[in-house]
Amino acid sequence: MLILALETSTELGSCALWRDGVVAERICPTGKSHSETLLPLVRELLAEAGLKVGQLDAIAFGVGPGAFTGLRVACGAAQGLAVATNRPLIPVTSLETMAALAGAERVLALLDARMGEVYSGSYQLIDGAYRLLGDIRVSAPDAVALPAEPGWVACGNAIAAYPALAERLSAAGIATQADILPSAAAVARLAAPRVTRGESIDAALAVPLYIRDKVAKTVAERLSEGGRA
């Protein structure tokens, strides 16, 4: 089975090729936008494997939440490739990807949403797959709901971005993995069983998962919160 995976929801952009369980990954170079570097890396990855897009069994992409511009890059690229070659499209959320990378039985995934907010989602490993408990939320760091039960692990860049959140996690006795970010290799691994089960979407219906509708606060909103205009 051949799966191309794309992930650009954070500053760590990447693409990966799943080939019967073996994954090759390329990381987008820093200092350039993902829109400049992602597709050249995809072409390089496929060329090294001696493959064309039409030979893929599916294309997976990080659907979000995450950086608004980044989400559009992966979604647009995946959509374009899928439409051009009539390949199935598999969306994978960034927080589920982070939970899988953390590897614990119960994971609180915390991604910096910028604008002083955090994307959060609670996941539990059930029958070999990470299941979302409740909803993915966006909230201020001090409003992130922490699990009361023992045995949880929190992961993601929001932990380092918001010291007050890190202190809350420590006080609650929750272990942390602050260096985890979504990766295309993890997206590919999560997508593989879904391809087998036929859980794809129509490429025309592919849209990023934004969670919140606006990409920036107005001047009035920033001033009302004590920020700068």
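Q: Why does Leu95 count as buried?
A: A residue is called buried at under 20% relative accessible area, exposed at over 50% and partly exposed in between, with a 1.4 Å probe and protein chains only. Leu95 has 0% relative accessibility, so it counts as buried. The model is a predicted one, in which local features need pLDDT of at least 70 and side-chain atom pairs count only at pLDDT 80 or more, while totals for chains, interfaces and linings use all residues. Residues are numbered from 1 along each chain as its sequence is written, and side-chain values use heavy atoms, with hydrogens and water left out.

Q: What does Leu95 touch, and where does it lie?
A: Leu95 has its place in helix α3, residues 94–102; helices (H or I, at least four residues) and strands (E, at least two) are DSSP runs, numbered from the N terminus. A contact means heavy atoms within 4.5 Å, and, leaving aside residues up to four places away in sequence, Leu95 touches Pro65, Ala109, Leu111, Tyr119, Ser120, Gly121, Tyr123 and Ile136. The C-alpha atoms of Leu95 and Leu209 are separated by 11 Å, although these residues are 114 residues apart along the chain.

Q: What is the peptide bond from Gly64 to Pro65 called, and where does Pro65 lie?
A: The bond from Gly64 to Pro65 is cis, with omega near 0 degrees, and Pro65 lies in the loop between β4 and α2. In general, most peptide bonds are trans.

Q: How do you know whether α2 has the span expected of a helix?
A: The expected span is 1.5 Å times one less than the number of residues. Helix α2 covers residues 68–85, which is 18 residues, and reaches 26 Å from its first C-alpha to its last, close to the 26 Å expected. Just after α2, Asn86 takes a positive phi of about 55 degrees.

Q: Which residues of α2 are buried, and what do they pack against?
A: The buried residues are Phe68, Gly70, Leu71, Val73, Ala74, Cys75, Ala77, Ala78, Leu81 and Ala82. These buried residues of α2 pack against β1 (2–7), α1 (34–49), β4 (58–64), β5 (89–93) and β7 (117–126).

Q: What makes Gly116 partly exposed, and which residues does it touch?
A: Gly116 has a relative accessible area of 39%, so it is partly exposed. Gly116 also has its place in the loop between β6 and β7, and it touches Ala140, Pro141 and Tyr162, not counting residues up to four places away in sequence.

Q: Why is Gln124 called partly exposed?
A: Gln124, whose place is in strand β7, has 24% relative accessibility and therefore counts as partly exposed. Its contacts, not counting residues up to four places away in sequence, are Glu105, Arg106, Ala129, Tyr130, Arg131 and Leu133.

Q: Is Asp142 buried or exposed?
A: With a relative accessible area of 63%, Asp142 is exposed. Asp142 lies in the loop between β8 (129–139) and β9 (152–155), and its C-alpha is 8.1 Å from that of Arg168, 26 residues apart in sequence.

Q: How do you know whether the protein chain agrees with a compact globule?
A: The radius of gyration is taken over C-alpha atoms, and the globule rule is 2.2 Å times the number of residues to the power 0.38. For 229 residues a compact globule would have a radius near 17 Å, and the protein chain has 18 Å, which agrees. The C-alpha trace spans about 50 × 45 × 30 Å along its principal axes, and 47% of the 229 residues count as buried.

Q: What share of the contacts joins residues 24 or more positions apart?
A: Such residues account for 65% of the contacts in the protein chain with a separation of 6 or more. The chain holds seven helices and ten strands.
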